[in-house]
Amino acid sequence: MVLTEEMMKIIAENRAYFATATADGVPNVVPIGNIKPLDNKTVLVADSYMIKTHANLEANPKVAFVMHDAAKYPYQFKGSAKIYKTGDYYDQVVSWIKETAPLAPKPKAAIVIDVEEIFSVKVGDAGKKLE
Ligand SMILES: Cc1cc2nc3c(=O)[nH]c(=O)nc-3n(C[C@H](O)[C@H](O)[C@H](O)COP(=O)(O)O)c2cc1C
């Protein structure tokens, strides 16, 4: 599944509502500001404060997110996440947050999402699979 240039820009510039679930399917959704694409198939999220979200990802890698202004940016992204607490992705998230929010705490982990499906949530077009 490939993110378009437009989608990559939207993800880089906007807050998202980020959903995970427990292994037995109890959903959890949180607002996430530190989210950006790494390339047209991969999205990076800074785990600075996650508690239920982090526990869910340890048990169940499936995620979904929509953008804060879904009326303007009507996409639903789905994928699988991996957690990195050391290594290149972790170093990348630490320097990103240091640069953009110098007073923020050091991230606990990098969450790297392989985007697997993209749907429209646009009224009139809702549920249509785009990628
Ligand atoms: C506007 C906003 C942006 C946020 N951005 C992030 C973020 O980029 N990374 C993060 O780990 N938590 C972020 N949070 C905190 C999470 O939304 C949430 O409070 C945290 O994951 C704990 O909830 P949980 O136990 O359901 O995971 C943000 C909160 C708000 C209100």
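Start at the ligand and pick out strand β2, which gives the most to the shell around the ligand, with 4 residues. Bear in mind as you go that this is a predicted model. Now widen the selection to the whole shell: there are 15 residues around the ligand, and V30, N34, I51, K52 and T53 come nearest. Colour by element and you'll find that β2 (27-32), β4 (42-47) and α2 (52-59) each give two or more residues to the shell. Colour by class instead, and the shell splits into 7 nonpolar, 5 polar and 3 charged residues.

Next stop, the core. Select V43, V45, A110, I111 and I113: of the 25 residues in the largest nonpolar core, these touch the most other members. Then show α1 (5-13), β1 (16-21), β4, β5 (62-67), β6 (75-84) and β7, each of which supplies at least two residues of this core. Which element gives the most to this core? That's β7, with 6 residues.

Zoom in on I111 while you're here. Leaving aside residues up to four places away in sequence, I111 touches V45, D47, L57, A81 and I83.

Now switch to the backbone and look at how the strands pair. β6 and β7 run antiparallel, joined by 10 bridges. To see one of the pairings, select A81 and look across to β7, where its bridge partner is I113. On to β5 and β6: these run antiparallel too, with 5 bridges joining them. Pick V66 here, and you'll find its bridge partner in β6 is Q76.

Move over to helix α3, residues 87-100. Is α3 well covered or hardly covered? Hardly covered: the count of buried residues among its 14 residues is 1. When you look along a helix, residues three or four places apart point the same way, because an α-helix has 3.6 residues a turn.

Last stop: V123, in the segment after β7 (109-120). Why does V123 count as exposed? Because V123 has 8 C-beta neighbours inside 10 Å, and a residue is exposed if that count is 12 or fewer. Finish by selecting A71 along with V123: they sit 52 residues apart in sequence, yet 8.5 Å apart in space, C-alpha to C-alpha.

Conventions
Residues are numbered from 1 along each chain as its sequence is written. This is a predicted model: local features need pLDDT of at least 70, side-chain atom pairs count only at pLDDT 80 or more; totals for chains, interfaces and linings use all residues. A residue is near a molecule or strand if its C-beta atom, placed from the backbone, lies within 6 Å of it. Ala, Val, Leu, Ile, Met, Phe, Trp, Tyr, Cys and Pro count as nonpolar, Asp, Glu, Lys and Arg as charged, and the others, Gly among them, as polar. A residue is buried if 20 or more other C-beta atoms lie within 10 Å of its own, exposed if 12 or fewer, and partly exposed in between; C-beta atoms are placed from the backbone. The expected span of a helix is 1.5 Å times one less than its number of residues. A nonpolar core is a set of buried Ala, Val, Leu, Ile, Met, Phe, Trp, Tyr and Cys residues joined through C-beta atoms within 7 Å. Two residues are in contact if their C-beta atoms, placed from the backbone, lie within 7 Å. Two strands pair if DSSP finds at least two bridges between them.
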